[in-house]
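Good morning, colleagues. Please look at the display first.

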Amino acid sequence: MPERHPDHDLIQGEWTERSLVEKLLEPVEKPPPRPWKVVAAVGFVLTLAWLYAIFVTFTKGLGTWGINQPVVWGFDIVHFVWWIGIGHAGTLISAILVLMRQNWRDSLNRITEAMTLFAVLCAGTYPLIHMGRAQHFYWILPYPTHMALWPQYKSPLSWDVLAIFTYLTISTLFLYLGLIPDLALLRERSQGWRKKLYGWLSLGWTGSALHWRRYRAAYVLLAGLATPVVISVHSVVSMDFAYGVVPGWRVTLFPPFFAAGAIYSGFAMALTLLIPLRKWYRLEGVITERHLDWMGKVTLASGLGVAYTYLLEIFIAWYSAEPAEWAQQLWRMTGPYAPYYWAMMLINVVLLQTLWFPRFRRNVAWLFVFSILANVGMWLERFVIVVISLSHDFLPGNFHLYSPTWVDWTLFLGTLGFFLFGLAVLIRLFPPIAVAEMLHLYHKLRKH
């Protein structure tokens with residue numbers, strides 16, 4: 001009797017090769033379900049509102065935002081850091097799990113890579129808008145000019161530009177490279193403009209042994225290059241704060257703290273997207289409870305790193321005997337923004353502990369609810385770090401509360417709309433689950 005493969009439950013149900021391919025291509029080849037239409041419509045409307053808010057910002061200036069002195073970073077940097085963090089799950093699944101040869105990534109990598117791409121695009125818009133003169137963004141790029149002006153390489157803001165462009169490039173290459181075999185499959189099954197589009201994008205893929213060998217080599221090479229990028233990008237973003245002298249930012253643990261928070265929020269957003277997708281397209285046989293369980297475990301592990309840093313931050317502020325640092329912590333706990341702080345602690349410290357228990361971790365409804373709460377909790381964390389710290393610095397005469405305007409809120413909701421609309425369109429054009437990878441796993445499991 002053949003030995004049972006340890007990954008036997010990654011594909012559940014009675015499948016043939018043909019039926020598996022038909023199921024995975026349903027989102028592209030069959031009419032979309034009603035929830036998809038609702039998400040696409042809402043996302044499109046919010047995207048239009050986002051473009052209008054950008055237009056208002058450019059024509060009337062940054063005075064339309066709620067930023068003030070000393071809160072010169074408001075919702076724009078809060079959401080920049082939040083979106084960058086969300087984008088980490090896709091590259092983590094694509095890169096690190098490929099190198100670790102974890103087969104449970106095969107059902108998840110496509111949608112999370114797409115999530116990464118749109119999250120980074122959303123994040124990148126905020127610094128451009130915050131510059132005030134976005135048409136001159138190229139001034140911060142490292143290129144020689146006739147005036148011999150160069151960016152200030154000692155500034156973490158310059159590092160952000162290099163890190164984000166590198167991250168966007170790696171993420172796009174990962175998504176496109178993984179799509180090539182599926183594009184060739186769709187090329188053979190499509191007609192009209194779709195056939196031309198998939199034929200052009202598939203780069204002449206024939207599925208020969210040579211093509212597969214080069215594909216695997218390129219994929220592993222990209223994984224090796226992307227793995228340090230996953231950790232470095234959010235570590236670089238954390239330096240924007242750690243290099244400052246604002247109370248509440250002077251924590252040497254910021255780089256690993258931000259990296260853990262990015263993985264935590266990224267996997268939470270991945271669960272928020274995958275669970276409805278699994279339900280709407282009836283993909284329970286290929287996105288199984290084991291997949292969700294593993295994602296819950298990674299969310300728990302990274303969330304514990306975040307929770308540990310919260311508690312360590314309080315201890316360091318007390319132990320350092322630095323009056324401004326301790327005053328900052330008391331301001332967070334008891335000041336006018338205290339509800340935001342305690343809501344963050346409730347979600348990211350208390351409710352997180354439910355994921356220790358398989359009963360909760362394998363409960364799809366609770367996992368979906370918690371994933372949304374975790375996204376809210378990480379938004380609150382960014383708000384605490386950026387807004388609350390800036391509003392309460394060294395001088396009492398300089399304290400100033402922050403109140404976002406309708407433009408701030410519209411810019412945020414607009415990026416959410418663009419994110420959802422982009423994913424909805426991508427699901428209609430390209431399979432949300434990697435067909436070639438799943439067929440490879442299917443044949444591997446059949447041998448056992």
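The chain holds 17 helices and zero strands, where helices (H or I, at least four residues) and strands (E, at least two) are DSSP runs numbered from the N terminus. Please note that this is a predicted model, in which local features need pLDDT of at least 70, side-chain atom pairs count only at pLDDT 80 or more, and totals for chains, interfaces and linings use all residues. Residues are numbered from 1 along each chain as its sequence is written, and side-chain values use heavy atoms, with hydrogens and water left out.

I begin with the overall form. Along its principal axes, the C-alpha trace spans about 75 × 55 × 40 Å.

How much of the chain is buried? Buried residues, meaning those under 20% relative accessible area (1.4 Å probe, protein chains only), make up 55% of the 448 residues.

Helix 4 covers residues 75–86. This helix reaches 16 Å from its first C-alpha to its last, close to the 16 Å expected at 1.5 Å a residue, a span computed as 1.5 Å times one less than the number of residues. Because 12 of its 12 residues are buried, helix 4 is largely enclosed by the rest of the structure. Among them are Trp-82 and Trp-83, together with Asp-76 and His-79.

Note on methods
Buried means under 20% relative accessible area, exposed over 50%, partly exposed in between (1.4 Å probe, protein chains only).
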